[in-house]
Amino acid sequence: MNYIIFGGSGFIGTHLIKLLKSEYLREGDKIYDLDIVMPGEEGVVPGVVEKIDGVEYIRFDVRDPIIFGSKPEDGFTPTKNDIIFNLAAVHRTPGHPDYAYFGTNIKDAENITAFAEKYGIKKILFTSSIAPYGAAEELKEETTLPTPNTPYGISKLVSEKIHMIWQAKDTSHELTIVRPGIVYGKGEHGNMTRLYKGQKGHYFVYTGRKDTIKACIYVKELCRFFAYRMIENNFPGVDIYNCTFEPAYNIQQICETMQKATGMKRHIPLIPGGLLMTVATIVGPLGGKKLGIHPARVKKLMISTNICGKKLTQSGYKFHYTLEESFRDWFEDCGKEGLF
């Protein structure tokens, strides 16, 4: 059996590969990472400079049709027992022109589902996003009507529908769509890393409120759920899961827990949101983006990502980490030198 990971050189994919290799790889099984970039190249997880032994790395652009006899299929033959993990996406916002989200995220869904259909592969896990819900304070469950208000969110919702069409063609197909909250852990270099550095450097402030909900999940937890769904279980049909702690934590709880887990003591001031947005509007174009002082990021800090994880907790999956344990594990992965 093959584990075929599209976009496996990124943050989540790197952790998934390590988990599969350490706990799920049986004799005869193989792991394939199909990505436009390889470990150690610009655009992948910073600090990941070496390929993992025993993993086949194939350079491939998911925007291209997947045709047998040419890359990415040179060197292996897909089988109906294989499992596809579709992690490929253009995702960071802000950061890309609108067409980039549609051109990559929609084409990758079309090409990967066509690949699965051609070779009779019955299992796909697709990493979507909470972006299809749109930005709003209200609690979002898996049954909430999606109302995306960004090009990224729209492209991800369309991608979900493309995967669902693939599943509907054969009732034996197994499709899991995951909508993770903020995913954090070693190599993330995103929101949680900036949050740690902001506290450490005394420049993070609460933007207008301390109770902003920020649904999140540890990357190792997320990968374990992937394996639980796709390897440990069979479930013909389609299912969508919000992947986050339940109940979701607010920004003050996250900051206090992060400080406790890393032995840091910081006072975080509360600054009026309107004032901070004005500063971000002025400073952002002058280089404030590097510090997270960017209007789009400040706005994201002021709006809750109020995502319900109840379905995940009732699925039979057992969490391996509490919030504090996840921060401690991440801290230890970094040699207790910080969170990066």
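These legends describe close-up views of a predicted model.

**View 1. A seven-strand open sheet.**
The strands follow the order β3-β2-β1-β4-β5-β6-β10, and their pairing is parallel. Strands of a sheet pair through backbone hydrogen bonds, either parallel or antiparallel. Which strands form the edges? They are β3 (55-59) and β10, and each of them pairs on one side only. From one strand to the next, the twist averages 15°.

**View 2. Strands β6 and β10 side by side.**
How many bridges join β6 (residues 174-180) to β10? There are seven, and the two strands run parallel. Thr176 stands opposite Asp239 in β10. Ile177 stands opposite Ile240, also in β10.

Helix α5 lies across β4, β5, β6 and β10. Its run is at about 165° to β6.

**View 3. Helix α4 crossing helix α6.**
Helix α4 covers residues 191-200, and helix α6 covers residues 251-262. Their axes are 11 Å apart, and the helices pack at an angle of about 70°. That angle makes α4 roughly perpendicular to α6. The crossing is right-handed. Which residues of α4 take part in the contact? They are Met192, Leu195, Tyr196 and Gln199. On the α6 side they meet Ile251, Ile254, Cys255, Met258, Gln259 and Thr262.

The side chains of Glu110 and Lys107 meet in a salt bridge, with 3.4 Å from N to O. Both residues belong to helix α2 (residues 98-118). They are three residues apart, so about one helical turn separates them. Glu110 is partly exposed, at 35% relative accessible area. Lys107 is also partly exposed, at 34%.

**View 4. A salt bridge between two loops.**
Lys122 forms a salt bridge with Asp170, and their closest N and O atoms are 3.7 Å apart. Where do the two residues sit? Lys122 is in the loop between α2 and β5 (123-127), while Asp170 is in the loop between α3 (151-168) and β6. The pair therefore ties together parts that are 48 residues apart in sequence. Lys122 is partly exposed at 30% relative accessibility. Asp170 is partly exposed at 27%.

Lys220 forms a salt bridge with Asp329, and the closest N and O atoms are 2.8 Å apart. Lys220 lies in α5 (residues 219-230), and Asp329 lies in α10 (residues 323-333). So this pair ties together parts that are 109 residues apart in sequence. Is Asp329 buried or exposed? Asp329 counts as buried, at 16% relative accessibility. Lys220 is partly exposed, with a relative accessible area of 22%.

**View 5. A network of salt bridges.**
Here the residues Glu137, Arg209 and Asp211 are linked through salt bridges. In the whole structure, a search finds 17 salt bridges.

Notes
Residues numbered from 1 in each chain as written. Predicted model: local features only at pLDDT ≥ 70, side-chain atom pairs only at ≥ 80, totals over all residues. Heavy atoms only, no water. Pairing = 2+ DSSP bridges. Helix = DSSP H or I, 4+ residues; strand = E, 2+ residues; numbered from the N terminus. Salt bridge = Lys/Arg side-chain N within 4 Å of Asp/Glu carboxyl O. Buried < 20%, exposed > 50% of the residue type's maximum accessible area, 1.4 Å probe, protein only. Axes fitted to C-alpha atoms, helices over the stretch in contact; angles between N-to-C directions. Parallel < 35°, antiparallel > 145°, perpendicular 65-115°, else oblique. Left-handed = near helix turned anticlockwise from the far one by under 90°. Contact = heavy atoms within 4.5 Å.
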